[in-house]
Amino acid sequence: MLLALAAALSGCASFSKDGGLDTAREAATQRLGKTVADPRTEEDRDRVQTEVRTLLARPLGPEDAVQIALISNRGLRGMYADLGIAEADLVQAGRLQNPRFSTTRTRASDGDFKYETAFTVNVINLLTMPLALKMERRRFEAVKLAVASEVLRLGLETRRAWFEAVAAQQTEAYYAQVLEAAEASAELGRRMARAGNFSRLDQLREQVFYADTAAQVARARTATVTAREKLTRLMGLWGEDTRFTLAERLPELPGRSAELPDLEVFAIRERLDIRAAKANAEGVAKSLGLTKATRFINVLELGPATVMEKNQDIKKGYEISLELPLFDWGGARVAKAEAIYRQSVERVAETAINARSEVRETYTTYRHAWDIAR
């Protein structure tokens with residue numbers, strides 16, 4: 001009966017086809033209009049590389065950059081492994097611990113012998129399996145939300161990096177044109193000074209303007225390289241792929257700034273990091289219940305036993321193995337679980353407070369940037 005029940009519970013948790021990537025895939029599709037990929041075979045990696053090089057074959061736009069980052073960034077791919085770890089823990093929680101088989105043989109001096117065999121199952125593991133499954137499911141959901149949040153963060157950061165790279169490229173081109181004009185003006189000043197039509201002070205002013213512009217060009221070139229390399233890192237490119245071509249200029253400024261009321265309410269409702277923190281806190285709460293349930297008895301094994309002696313009938317019965325709480329009453333485990341739970345609740349509150357502040361700060365920065373550009 002115990003084995004049949006264990007088999008039924010084990011069937012409740014199995015590995016999913018997509019490895020838990022559904023939440024991240026849905027977030028990328030609905031909020032970014034992009035796809036994600038977790039290539040695990042050589043064929044999958046070749047397919048991703050082909051898609052990346054197809055997008056790099058034309059001048060790179062912001063949407064193409066985001067798509068490349070979502071399928072090529074190695075840090076994001078590495079985070080997908082967290083899904084595999086959490087799902088493995090979930091599946092493991094739905095499987096009963098392996099039964100134990102023990103045998104003992106004794107022999108007396110007169111030649112009599114005695115065999116004792118036992119086959120036991122961990123009953124505590126079986127009884128707490130439903131609670132452990134619920135706990136691991138919540139943890140798995142928390143990891144899925146955390147990965148989806150990272151997908152959105154990477155998409156946003158890549159889009160911002162594209163604008164910064166193109167802006168730096170345009171700034172460098174602008175200062176290069178200014179340098180040409182400054183060089184011509186400085187040369188004209190030297191000639192006019194030699195002809196006596198320009199004062200020494202005016203000539204020095206032209207030379208200082210030329211020198212300052214040359215320094216601005218050098219700084220602009222450094223900024224261009226920095227911005228481009230940041231974009232390259234986010235897209236996960238190396239080797240020949242780093243020679244991509246960016247669009248020549250930024251898109252036109254929108255005619256009006258976006259009005260976004262109730263941003264704080266929207267952030268609390270939609271931000272995936274808040275939902276992940278909540279799911280994690282709920283999982284920790286379940287873990288606290290499991291810890292309290294097993295604080296006194298952590299090992300209880302039950303199973304059939306057989307005894308066979310020389311010239312006697314085989315005796316059958318059962319064996320019970322019980323951990324006695326003589327030295328460790330589980331108080332430390334419960335205290336630790338309660339501390340972890342309090343920590344997770346405070347982190348939920350912190351995430352929510354930070355979300356409200358960040359959305360206010362970001363919107364204010366956006367409005368000021370639009371006003372300046374306008």
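## Overall composition

The model is predicted, and its secondary structure comes to 11 helices and 4 strands. The protein has 374 residues, of which 34% count as buried. Among contacts with a sequence separation of 6 or more, 77% are between residues 24 or more positions apart.

## Helix H4 and its surroundings

Helix H4 spans residues 62–72 and is mostly covered, with 10 of its 11 residues buried. The buried residues are Pro62, Asp64, Ala65, Val66, Gln67, Ile68, Ala69, Leu70, Ile71 and Ser72. The cover over these residues includes H2, H3, helix H5 (74–93), helix H7 (129–194) and H8.

## Packing of H4 against H8

Helix H8 runs over residues 200–235, and its axis comes within 7 Å of the axis of H4. The two axes cross at roughly 45°, so H4 and H8 are oblique to each other. On the H4 side, the contact is made by Ala65, Ile68, Ala69 and Ser72, which meet Leu231, Leu234 and Met235 of H8. By class, this contact has 6 nonpolar residues, 1 polar residue and no charged ones.

## Alanine 37 in the H2–H3 loop

Alanine 37 lies in the loop that joins helix H2 (22–32) to helix H3 (42–56). Its relative accessibility is 17%, and alanine 37 therefore counts as buried, the cut-off being under 20%.

Leaving aside residues up to four places away in sequence, alanine 37 touches Val48, Leu70, Ile71 and Tyr80. Valine 48 is 11 residues from alanine 37 in sequence, and their C-alpha atoms are 7.8 Å apart.

## Aromatic pairs

A pair of aromatic rings is described by the distance of the centres and the angle of the planes. The structure holds 3 aromatic pairs. One of them joins tryptophan 162 and phenylalanine 163 in an edge-to-face arrangement, with 5.0 Å from centre to centre and 85° between the planes. Tryptophan 162 counts as buried because its relative accessibility is 2%, whereas phenylalanine 163, at 34%, counts as partly exposed.

Another pair is formed by tyrosine 363 and tyrosine 366, whose rings are tilted, at 6.0 Å centre to centre and 40° between the planes. Both tyrosines belong to helix H11 (residues 331–373), where they are 3 residues apart, about one turn of the helix. Tyrosine 363 has a relative accessible area of 17% and is therefore buried. Tyrosine 366 counts as partly exposed because its relative accessibility is 32%.

## Charges over rings

Two contacts of a charged side chain with an aromatic ring can be described. The charged end of arginine 228 sits over the ring of phenylalanine 244, at 4.0 Å from the ring centre. The charged end of lysine 144 sits over the ring of phenylalanine 140, and here the distance to the centre is 5.3 Å.

Terms used. Residues numbered from 1 in each chain as written. Predicted model: local features only at pLDDT ≥ 70, side-chain atom pairs only at ≥ 80, totals over all residues. Heavy atoms only, no water. Axes fitted to C-alpha atoms, helices over the stretch in contact; angles between N-to-C directions. Helix = DSSP H or I, 4+ residues; strand = E, 2+ residues; numbered from the N terminus. Parallel < 35°, antiparallel > 145°, perpendicular 65-115°, else oblique. Contact = heavy atoms within 4.5 Å. Nonpolar A, V, L, I, M, F, W, Y, C, P; charged D, E, K, R; others polar. Buried < 20%, exposed > 50% of the residue type's maximum accessible area, 1.4 Å probe, protein only. Phe/Tyr/Trp six-rings, centres within 6.5 Å; stacked < 30°, edge-to-face > 60°. Lys NZ or Arg CZ within 6 Å of the ring centre and 35° of its normal.
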